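This briefing covers one protein chain. The points below are grouped by topic.

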Amino acid sequence: MEVGFTFCLGKTTVYPVWTGIGAVGAVLVGIFFITTLILSIIGLKVLA
């Protein structure tokens with residue numbers, strides 16, 4: 001896949017694109033964990 005992707009965009013563009021994809025993925029995972037934590041705390045308060 002890297003060969004076709006590099007061919008389409010060029011080597012100077014590929015690294016920032018994949019870095020951006022990784023950064024967006026990290027933010028989404030962080031949002032997921034924070035949301036899970038908040039909902040867990042709310043759930044414990046409701047049940048207590």
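In which helix is the place of Ser40? Ser40 sits in helix H2. The model is predicted, and its secondary structure comes to two helices and zero strands.

**Overall surface**
- The protein chain has 48 residues, and 4% of them count as buried.

- The side chain of Ser40 reaches back to a backbone atom, the oxygen of Thr36, at 2.7 Å.
- That distance falls within the 3.5 Å limit for a polar contact between N or O atoms.

**Nonpolar patch**
- A nonpolar patch on the surface is formed by Ile34, Ile38, Leu39, Ile42, Val46 and Leu47.
- Together these residues have about 660 Å² of accessible area.
- One of them, Ile38, lies in helix H2, which covers residues 11-47.
- Ile38 counts as partly exposed because its relative accessibility is 45%, a value that also meets the patch requirement of over 30% relative accessible area.

**Aromatic pair**
- A pair of aromatic rings is described by the distance of the centres and the angle of the planes.
- The count of aromatic pairs in the model comes to one.
- The pair consists of Phe32 and Phe33, whose ring centres are 5.6 Å apart.
- Their planes stand at 65°, so the pair is edge-to-face, the class for planes over 60 degrees apart.
- Phe32 is exposed, at a relative accessible area of 52%.
- Phe33 also counts as exposed, at 53% relative accessibility.

Notes. Residues are numbered from 1 along each chain as its sequence is written. This is a predicted model: local features need pLDDT of at least 70, side-chain atom pairs count only at pLDDT 80 or more; totals for chains, interfaces and linings use all residues. Side-chain values use heavy atoms; hydrogens and water are left out. Patches are made of residues with over 30% relative accessible area and no salt bridge: like charges are joined within 9 Å, nonpolar side chains (Val, Leu, Ile, Met, Phe, Trp, Tyr) within 5 Å. Accessible areas come from the Shrake-Rupley method with a 1.4 Å probe; for residues, only the protein chains shown count as cover. A salt bridge is a side-chain nitrogen of Lys or Arg within 4 Å of a carboxyl oxygen of Asp or Glu. Helices (H or I, at least four residues) and strands (E, at least two) are DSSP runs, numbered from the N terminus. Buried means under 20% relative accessible area, exposed over 50%, partly exposed in between (1.4 Å probe, protein chains only). Rings of Phe, Tyr and Trp (its six-membered ring) pair if their centres lie within 6.5 Å; planes under 30 degrees apart count as stacked, over 60 as edge-to-face and the rest as tilted. A polar contact is a pair of N or O atoms within 3.5 Å; within protein, one must be able to donate a hydrogen and the other to accept it, and residues adjacent in sequence count only if both atoms are side-chain atoms.
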